[in-house]
Amino acid sequence: MRETPDELRRLQALLDTSLSRSTAHLRSIISSERTLTAGQLTSVLTGMRTLALSTVTAKGEPRISGADGHFLHGKWHFGTARGAAKARHLAARPAASVAHLRGEDLGVFTHGTVEVLNPLGGEPAADWPDLLAYFRDFYGVDAFDWENDVVYYRLHPQWMTVFAPDYAKLVGSADQEDKEDKADGA
């Protein structure tokens, strides 16, 4: 967990506000007994989590693709190749949605606007050096040409909700994933 107390407060306010503005149907599924607090959410969203990323084409056609998601400081961060279709979509239309699903045990749904963290030939985000150090540690220093090959984004959430009927099961499955990763030499 990398979040500060202030980041956790903001994330909790977002989760609470988002759920309260949701439809009655969604609130009947995601109740206070079947969701997570900001602290619980950040404890289960560690490391890389696969995201379903939704963008829109110039013709308004929806597109969905996968992305490596990292939940850092209460926001999703993800990258792609600079020449990828999703990079072109996000450059022209920065609104995006992401979902992270773990079977029927966890669903994290987020809508917002992306910020480019390392624009080609432009000024990077103020925290890019720290994020780059995190990504290099995670993927390997020489995994990419970090300046030219990949573009990274931060999704500034305007709406986020979480479905999680059993937090204890999530924590147990996260512990099991960590054990399996260590056994595989990761």
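The face of helix 4 that is turned away from its buried side carries the exposed residues Arg88, Ala91 and Ala92; here exposed means over 50% relative accessible area, buried under 20% and partly exposed in between, with a 1.4 Å probe and protein chains only. Helix 4 spans residues 85–92, and its buried residues are Lys86, Ala87, His89 and Leu90. These four cover an arc of only 160° around the axis, which puts them on the same side of helix 4; the arc is that of the directions from the helix axis to the C-beta atoms. In general, an α-helix has 3.6 residues a turn, so residues three or four places apart point the same way. Helices (H or I, at least four residues) and strands (E, at least two) are DSSP runs numbered from the N terminus. The model is predicted: local features need pLDDT of at least 70, side-chain atom pairs count only at pLDDT 80 or more, and totals for chains, interfaces and linings use all residues. Residues are numbered from 1 along each chain as its sequence is written, and side-chain values use heavy atoms, with hydrogens and water left out.

The buried residues of helix 4 pack against strand 1 (48–56), strand 2 (62–72), strand 3 (75–81), strand 4 (95–102), strand 5 (106–116) and strand 6 (150–163), where contact means heavy atoms within 4.5 Å. Thr80 belongs to strand 3 and is buried, with a relative accessible area of 11%. Residues up to four places away in sequence aside, Thr80 touches Lys86, Ala87, Asp149, Val150, Val151 and Tyr153.

The largest nonpolar core holds 29 residues, of which Leu41, Trp76, Phe78, Leu106 and Met160 touch the most other members. Strand 6 provides the largest share of this core, 5 residues. A nonpolar core is a set of buried Ala, Val, Leu, Ile, Met, Phe, Trp, Tyr and Cys residues joined through side-chain atoms within 4.5 Å. A second, separate core of 11 residues includes Ala125, Trp128, Tyr134 and Phe135. Among the contacts of Met160, not counting residues up to four places away in sequence, are Leu11, Leu41, Phe71, Trp76 and Val108.

The largest pocket is lined by 13 residues, and Arg2, Thr46, Gly47, Leu72 and Tyr134 lie nearest its centre. On a 1 Å grid over the protein atoms alone, a pocket is an open set of points where a 1.4 Å probe fits, with protein on both sides within 12 Å along at least five of seven lines; lining residues have an atom within 4 Å of a point. Helix 5 gives the largest share of the lining, 4 residues.
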